[in-house]
Amino acid sequence: MHEHHSHGHTRTIEFPTSIEGLSEAERPEIVELSEGDEFELRIAPVTKELEGNRVRMLAYNGSIPGPTLKVRQGSEILVHAVNDGDLEATVHWHGLRIENQYDGTHQTQRPIPVGESYTYKLRFPDEGLYWYHPHIRQDYGQEMGLYGNILVVPAKPDHWPPAHREVLLTLDDILLEDGKVAPFSHHETNYVAMGRFGTTLLVAGEPELALNAALGEVVRFYLTDTANTRVFKVGIKGAKMKLVGGDSGHVEREEFVEDVILAPSERVVVDVLFDTPGSVTLEHRTPERTYALADITVVDERTEPDLTEQFEALRVNDDLSAERERIALYVEAEPDKTLAFVAEMDMGEPETEAGTAVYACPMHAEIVATWEGKCPICGMKLVVEPTGTARPTAFACPMHPEITATWAGTCPKCGMTLRPTEADGGETAEQEGHEHHAAEHAHDVAGGIEWEDDMVEMNRDTTPDNMRWLIVDRETGAENHAIDWRFQVGDQIKIRLVNEMDSDHPMHHPFHIHGAGRFLVLSRNGAVEPNLVWKDTVLVRTGETVDILLDVSNPGLWMAHCHIAEHHESGMMFSFYVDA
């Protein structure tokens, strides 16, 4: 029995949870494939032990992550995808500039029913790190373990600096409740407001990962953020790290870094020199907390050859320096297209006596008012509190005493600034003024990124019915699927991405463009991008404006969307045509 999905595909009514008779998930293998090779990729359920409980998950070829496909740049292979999973499927080949019919979305192919298969022809024109994942109920399949990497070996042997070894790590999380994967809505996506944040971090599919390195070893780490919504900030405690690459190959200028930020679907390539024996920790660093991602033991046994001198050298890559010269005219040019990211939220109103409603910010409990305004800290729409909630008394409007709040806001009736109340003697006003300043400072420190789910209950209850995420074409006013763009192969399209603060829930968005081409980031908030790298996904932080230049190279019907899985599944996407 199936039910129609709002994007035009179907799903089974119930997702199975039984682990009876299922095999344990394995560690992923690296599969080297050559020109003309064929490979079977099977979707099927497995079990995995997480936090002391065996839970039902999904896997490609029995492993989480799925097998890493290692191929040479310029080669072509066939992948036979077999669906023994829970619902009809596609496999999207993220970042690859392939033939449109093999992109792996519901608009480029007939979804693969359970028990059937589909053959993808993949070509690899670009070196770098890519990945594959579902594109039907992506919020479900990806959370359940359906993701894997593709490593495209460069045709030029000096594309990357020398390294002793390569390690691929997926960065993910999973939401566990009562010893099981937290349930999904059978009829629609939930956690639509912020996406589904997990309670357990998974690195290369493991909640606790231990690695070894030799003294003096240079290890190249290929990092991919496969989480539904979590942004990772990755650093290494006890070793030196160098940024060498991003989504699609090397960066313009190698640089030593303390940490790197990856939004969902982004990739980063870093080299690490382990020059001191002992314990080293790969970390995820947020403003409020640091998480251990992997423990690395550096053994006191020196590796050969010695690559320290090469590691210390910071290369400048001529191909991207040439691109910087080519795109100089576009940096100051007006954009060809402008897209805005906006949220509309309607959580409903409980029954309250007229004029007695109290409103609060779901993310900042100290922000309370007697009108339906917006949080001065994060910009989120205030939502009505249950009947009987105490009205704030710290600040009030001199002209309209019924208008009160916990901060010196602006009266919605007359525009006056609220004043401290006499009953408070100004003490609460002064204290809350300091608290507000501190909260604003904390928001700045967060860098326009929601690092955690700060409104768990409300987030769980948000669906496409009460939370609308919009991509808006500022020229035409068209929203999401109504956006109608058409380009030609060879076009260079400057797109301005504006993450609006005038929104019911301002937050970051990783914006992804399918295989129509690849792009370079031109600027962020007017500042020229200092280090170019070819990309297919860009993180646009809260309130940020990002200009990109899309190099259109592939004909077909292509998607563009937010890569927070729950935002995409709730409709934050559109498609555009590229003519040959």
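In the predicted model, Lys535 and Glu266 form a salt bridge in which the closest N and O atoms are 3.0 Å apart. Lys535 lies in the loop between strand S37 (527-528) and S38, and Glu266 in the loop between strand S21 (259-262) and strand S22 (267-274), so the pair ties together parts of the chain that are 269 residues apart in sequence. Both partners are buried: the relative accessible area of Lys535 is 8%, and that of Glu266 is 7%. The pair also belongs to a network in which salt bridges with shared partners join Asp247, Glu266, Arg267, Lys535 and Asp536.

The count of salt bridges comes to 40. Another of them is formed by Glu206 and Lys48, with the closest N and O atoms 3.0 Å apart. This pair likewise links distant parts of the chain, Glu206 being placed in the loop between strand S15 (200-203) and strand S16 (209-215) and Lys48 in strand S4 (residues 38-50), 158 residues apart. Glu206 counts as buried at 15% relative accessibility, and Lys48 counts as buried at 5%. In a further salt bridge, the side chains of Lys381 and Glu372 meet at 3.4 Å, N to O. Here the two partners fall into separate classes of accessibility, because Lys381, at 18%, lies under the 20% limit for a buried residue, whereas Glu372, at 42%, counts as partly exposed.

An open sheet of six strands has the order S32-S25-S34-S39-S36-S37, and its pairing is mixed. S32 and S37 form the edges; each has a single partner strand, so one side of each is left without a neighbour in the sheet. Helix H3 (residues 318-332) packs on this sheet and touches strand S34 (492-499), S36, S37 and S39, with a direction that makes about 65° with that of S36. Within the sheet, strand S36 (residues 517-524) and strand S39 (residues 545-552) pair in the antiparallel sense over seven bridges. Val521 has Ile548 in S39 as its bridge partner. Strand S25 (residues 337-345) and S32 also run antiparallel and are joined by seven bridges, with Glu344 paired to Arg468 in S32.

Although S32 is an edge strand, S32 (residues 467-473) is mostly covered, six of its seven residues being buried. Asp473 is located in this strand. Asp473 is buried but has no salt bridge; the nearest side chain of opposite charge is that of Lys337, 5.0 Å away. Apart from neighbours within four places in sequence, Asp473 is in contact with Thr338, Leu339, Ala478, Ile483 and Trp485.

Five strands make up an open sheet in the order S33-S41-S40-S35-S38, again with mixed pairing. Its edge strands are strand S33 (485-488) and strand S38 (537-540), each of which pairs on one side only. From one strand to the next, the twist averages 25°. Strand S40 (residues 556-562) and strand S41 (residues 573-579) run antiparallel and are joined by six bridges, and Ala560 of this pairing stands opposite Phe574 in S41.

Tyr60 lies in strand S5 (residues 53-60) and is buried, with a relative accessible area of 0%. When residues up to four places away in sequence are not counted, Tyr60 touches Leu41, Arg42, Ile43, Gly66, Pro67, Val91, Tyr132, His133, Pro134, Leu146 and Tyr147. Tyr60 and Ala333 are 273 residues apart in sequence, and their C-alpha atoms are 45 Å apart in space.

The protein has an average pLDDT of 91, and 92% of its residues score at least 70. Over residues 1-12 the pLDDT is below 50, and this stretch has 41 contacts in the model beyond near neighbours in sequence. The pLDDT also stays under 50 over residues 426-443, for which the model has 20 contacts beyond four places in sequence.

Key. Residues are numbered from 1 along each chain as its sequence is written. This is a predicted model: local features need pLDDT of at least 70, side-chain atom pairs count only at pLDDT 80 or more; totals for chains, interfaces and linings use all residues. Side-chain values use heavy atoms; hydrogens and water are left out. Buried means under 20% relative accessible area, exposed over 50%, partly exposed in between (1.4 Å probe, protein chains only). Helices (H or I, at least four residues) and strands (E, at least two) are DSSP runs, numbered from the N terminus. Two strands pair if DSSP finds at least two bridges between them. Axes are lines fitted to C-alpha atoms, for helices over the stretch in contact, and angles run from 0 to 180 degrees between N-to-C directions. Lys and Arg count as positive and Asp and Glu as negative; His and the chain ends are not counted. A salt bridge is a side-chain nitrogen of Lys or Arg within 4 Å of a carboxyl oxygen of Asp or Glu. Contact means heavy atoms within 4.5 Å. pLDDT is the predictor's confidence in each residue, from 0 to 100.
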